[in-house]
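Please walk me through this model.

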Amino acid sequence: MDKAANSILYLDGVNVSFDGFKALNALSLIIEPGELRAVIGPNGAGKTTMMDVITGKTRPDTGDVLFAETRDLTRLDEAEIAQLGIGRKFQKPSVFEKLTVAENLALALAGNRRVREALFWRLSTREKARIDELLGIVRLGAQRHMPAARLSHGQKQWLEIGMLLAQDPKLLLVDEPVAGMTDAETETTATLLRSIAGERSVVVVEHDMNFVRELAVKVTVLHEGSVLAEGSLDHVSADHRVIEVYLGR
Amino acid sequence: MITRWLLNKTDRGVLIMLAVILLLGFMVPALHLLTSPDSPVHVPAYAMALIGKYLCYAMLALSIDLIWGYCGILSLGHGAFFALGGYAMGMYLMRQIGSRGVYGHAELPDFMVFLNWTELPWYWYGFGWFGFALLMVLFVPGLLAFLFGFFAFRARVSGVHFSIITQALTFALMLAFFRNDMGFGGNNGLTDFKDILGFNLQAGGTRAALFGATCLGLAASLLICLAITRSRVGAVMTAIRDAESRTRFLGYRVEAFKLFAFTVSACIAGAAGALYVPQVGIINPSEFAPANSIEAVIWTAIGGRGTLFGPILGAVLVNFAKSWFTSALPDLWLFALGGLFLAVTLFLPNGLAGLFGRWTSARRRELPAAQPAAAE
Ligand SMILES: Nc1ncnc2c1ncn2[C@@H]1O[C@H](COP(=O)(O)OP(=O)(O)OP(=O)(O)O)[C@@H](O)[C@H]1O
Ligand SMILES: [Mg+2]
């Protein structure tokens, strides 16, 4: 337990295999409170699988997964983990297509998730204000009454980031947030994620090297389900093993 | 906000449907009771019973829409909840017969005397009281749905697997109710009812009141479904339908929301069965037949799921077509139903309600002032 001290997320010796194929191989990772961490790695390195393990979608075969030093995430289900304060943006944007942009945000808003409460729930003035604020942050004010299905790919990414913020999580797991975004949008996203970190902890998975450079934070390189290198982007890009498996290709 | 709400297509359809149901509930009994049989506007008893029966089917279709149209749960066993509600009402009507049965036993229904039973089984206690029977009409289907849903949803049984086990559920209940020793009249079921709350079931006034009660029941169910689907629960249900696992990652306990919708839906189906039995005068195990549940799902699809008013329209229209076909071309009915189902699936993905939507949005385009965005 000692090793988990002063961590918001602690993974140690995590193994996940699918029909004999090791997707995660003795993966260990520590994220400090308030940290922004970039995770990179070639296709199939296990980045998404790592997020599945943290959010309760996939149970690890062995290994420890602890949140805020003490909460054992391997014993909780998706809803419980989300209620603990872990939010997730999916690799493939996944918003509720039939609901409007504002309704998507309203559903994500932090608060009671019980059926009885939801039956008589009305948006409070504060919640309305929060939705307006979020719409501003993700620049979807003009689309608020539009069904999410009609948003562009990049806008869906933004909406999902907005939903993530609406949840008011302590830890954000963000899987490939800038796929399908223009350079300008990518830059804004980097700024946004940097501003979120500090108060919250953020783990970002991304392929886009310009984006990772923009974030200017500690980088973890995953390869074949375990950590290959860790450090600043310049440090890991100088590592010859990293160049071999990833950057040099 | 209010104007926006009134302009919403689905809500408008529901409001119109509500008005039609209440109008029917008032006009049909009035035309039956207050006009003479040779008047051109007279509604004869058989027609009132027929429409009443279809409105009960409509309530069943509505209950299916709540879970299938809004939450993506396809139950192919909803006929079971309808039949259980029907049996609960049938048990009350049996107790009302009292000593007027063929064997003249003061306590026991005829079929129990015939089986040489000497006392009432414990689960028939209380059904002499109307209030208790009404409670059971909701409680029995509700409890079954709750228990069944609790285990199925917790085990994350969904999609076609869920549909198949609901078929198995209604089939198993059918076999059970066919058995004489279950104490529900075996394959004859419960029938030969005499009166309800002391009123003769054959009297015009009683039948008119039953018809009115059916309309009120349907209207109330429609309002309940409207309230649920317009609440945050409805938004979560839609979210579950469209992206179940995403909803979990937002922290919603998906199984709790499914269980709530499924249980409410079963209670509505049970109430529909209870209104059905006194109007048709019989309830027997064939009501549990798996094909019945499938037919009800087809009415819902034809009417347009996820609209609440569409399935009501679908159930009534399909059943009118069925009664016409089965008298004119009895062999062709199943082909016609299958063809209708295919045609709607292919050409009207939103069912008959989709036609209504197209018609209203075409009209709105002619009236630029009524843009929904401008009404906020
Ligand atoms: N449910 C599953 N069943 C079988 N194999 C899986 C499953 N999920 C992931 N895998 C495999 O595990 C490996 C790691 O997948 P993962 O999605 O975590 O990679 P990734 O690092 O996110 O890659 P990408 O950059 O392409 O998103 C891949 O080889 C993938 O095919
Ligand atoms: Mg991935």
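Ten residue pairs, both at pLDDT 80 or more, are in polar contact across the interface of chain B and chain A. A polar contact is a pair of N or O atoms within 3.5 Å; within protein, one must be able to donate a hydrogen and the other to accept it, and residues adjacent in sequence count only if both atoms are side-chain atoms. On the side of chain B that touches chain A, the elements giving two or more residues are α9 (232-242), α10 (244-249) and α11 (254-280) of chain B. Helices are DSSP runs of H or I, at least four residues, and strands are runs of E, at least two, numbered from the N terminus. The largest share of that side, eight residues, comes from α9(B).

This is a predicted model: local features need pLDDT of at least 70, side-chain atom pairs need 80 or more, and totals for chains, interfaces and linings use all residues. Side-chain values use heavy atoms, without hydrogens or water, residues are numbered from 1 along each chain as written, and chains are lettered from A and ligands numbered from 1 in written order.

The rule also finds four salt bridges across this interface. A salt bridge puts a side-chain nitrogen of Lys or Arg within 4 Å of a carboxyl oxygen of Asp or Glu. Glu80(A) and Arg253(B) form a salt bridge, at 3.8 Å, N to O.

Now turn to α6(A). Among the buried residues are Trp158(A) and Met163(A). Just after α6(A), Asp168(A) has a positive phi of about 55 degrees.

Definitions and conventions:
Buried means under 20% relative accessible area, exposed over 50%, partly exposed in between (1.4 Å probe, protein chains only).
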